[in-house]
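Me: Hi! Could you walk me through a structure with me asking quick questions as we go? Here it is.
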Amino acid sequence: AVVSTQSTGKKKERNLVFAKKQSLLESLKTEEKAGEILSIGSSLIFLKQHSAFLHVPGRCISAVLKIVSEDLPQEEKDMLDALQGEVVTDLRGDGEMGEERKTALRGLVTDIVFGKKEAEQ
């Protein structure tokens, strides 16, 4: 089998990236499952830091978060680690992540992606 790739123009690529980012941001706002919120958030943070999309299975999210957290301030890194721990607990069925903490996770991702000042406006 032959795989053929076609080069896209810069403008088209930029538009595709923008559309995908908007789609992820909308999903971040509406998603109810803690694991999905973390997955979407890790994709958005990776996109911001590396200007590339990343789609990984759920079991690899912790590795992605380890990579992206290297460039975060200590406070955000600690908060992300704590929220990730709560998501894992939720996924294992050892406890349920409350709406307040899910909102905190969404807010943290938004702060990281847009910067705290922009997120507050």
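Me: What is the handedness of the crossing of helix 2 and helix 4?
Reply: That crossing is left-handed. Do keep in mind that this is a predicted model.

Me: And at what angle do helix 2 and helix 4 pack?
Reply: Helix 2, residues 34-50, packs against helix 4, residues 74-92, at about 140°. Their axes are 9 Å apart.

Me: Is that pair oblique or roughly antiparallel?
Reply: Oblique. Roughly antiparallel would take an angle over 145 degrees, and this one is about 140°, so the two helices count as oblique to each other.

Me: Nice. Which residues meet there?
Reply: From helix 2 you have Ala34, Gly35 and Leu38, and across from them in helix 4 are Gln84, Val87, Asp90 and Leu91. By type, that contact divides into 4 nonpolar, 2 polar and 1 charged.

Me: Changing topic: where is serine 51 found?
Reply: Serine 51 sits in the loop between helix 2 and helix 3, the latter being residues 61-69. Its phi is positive, about 50°, although serine 51 is not a glycine.

Me: Is serine 51 buried or exposed?
Reply: Exposed, at a relative accessible area of 65%.

Me: How about lysine 102, buried or exposed?
Reply: Lysine 102, in helix 5 (residues 99-114), counts as buried because its relative accessibility is 9%, and the cut-off for buried is under 20%.

Me: What is lysine 102 in contact with, leaving aside neighbours within four places in sequence?
Reply: Glu32, Ala34, Ile37 and Met97.

Technical notes: Residues are numbered from 1 along each chain as its sequence is written. This is a predicted model: local features need pLDDT of at least 70, side-chain atom pairs count only at pLDDT 80 or more; totals for chains, interfaces and linings use all residues. Side-chain values use heavy atoms; hydrogens and water are left out. Axes are lines fitted to C-alpha atoms, for helices over the stretch in contact, and angles run from 0 to 180 degrees between N-to-C directions. Helices (H or I, at least four residues) and strands (E, at least two) are DSSP runs, numbered from the N terminus. Angles under 35 degrees count as roughly parallel, over 145 as roughly antiparallel, 65 to 115 as roughly perpendicular and the rest as oblique. A crossing is left-handed if the near helix is turned anticlockwise from the far one by less than a right angle, and right-handed if clockwise. Contact means heavy atoms within 4.5 Å. Ala, Val, Leu, Ile, Met, Phe, Trp, Tyr, Cys and Pro count as nonpolar, Asp, Glu, Lys and Arg as charged, and the others, Gly among them, as polar. Buried means under 20% relative accessible area, exposed over 50%, partly exposed in between (1.4 Å probe, protein chains only).
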